[in-house]
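Okay, thanks everyone, I'll keep this short. Let me put the structure up and then we can walk through it together.

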Amino acid sequence: MNKKYELVMKVPKPPKSAYDHGRFISSLIHHQLRHFHDVEKSLLKDGQRLTDISKIETELQASKYLKKMTALLHPQGSEKPRRLAKRKKPAPRKRIVKRAAKTKKTKRRTR
């Protein structure tokens, strides 16, 4: 059962320059880090150390921290996704060919 949608937009892949390990983080990412830091404070158990987000300066460091925090918030998503088995193509259907009813052959008249 294939659904056909009226509006389907293809999203292009981001360019390779969109992510750079050594680039300094933007203010948007910095605010996201602060929000996750507040969540981390509420999730800490006795004896655990709080991550010092003031030392996070690059996109690589930020992505590692955000990945760690996301795994804490969504433990079911921290597992590696399983690969789904490829679906087998359905066997081709046999075509039913209708044959014309056999009729008596009429004799050809030859001259």
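This is a predicted model: local features need pLDDT of at least 70, side-chain atom pairs count only at pLDDT 80 or more; totals for chains, interfaces and linings use all residues.

The chain has 111 residues, and buried ones make up 12% of them. As for secondary structure, we've got two helices and zero strands. The accessible surface comes to about 12,700 Å², and carbon and sulfur atoms account for 55% of that. On contacts, if you take the pairs at least 6 apart in sequence, 64% of them join residues at least 24 apart.

Okay, the core. Which residues make up the largest nonpolar core? There are nine: I25, L33, F36, I53, I56, A62, Y65, L66 and M69. Helix 2 gives the largest share, with four residues.

Let's zoom in on one core member, I25. What does I25 touch, if we skip residues up to four places away in sequence? The list is H30, L33, I56, E57, T58, E59 and A62. Among those partners, L33, I56 and A62 are core residues too.

L43 sits in helix 1. Is L43 buried, exposed or something in between? L43 is partly exposed, because its relative accessible area is 41%, and the cut-offs are under 20% for buried and over 50% for exposed.

How values were computed: Residues are numbered from 1 along each chain as its sequence is written. Side-chain values use heavy atoms; hydrogens and water are left out. A nonpolar core is a set of buried Ala, Val, Leu, Ile, Met, Phe, Trp, Tyr and Cys residues joined through side-chain atoms within 4.5 Å. Buried means under 20% relative accessible area, exposed over 50%, partly exposed in between (1.4 Å probe, protein chains only). Contact means heavy atoms within 4.5 Å. Accessible areas come from the Shrake-Rupley method with a 1.4 Å probe; for residues, only the protein chains shown count as cover.
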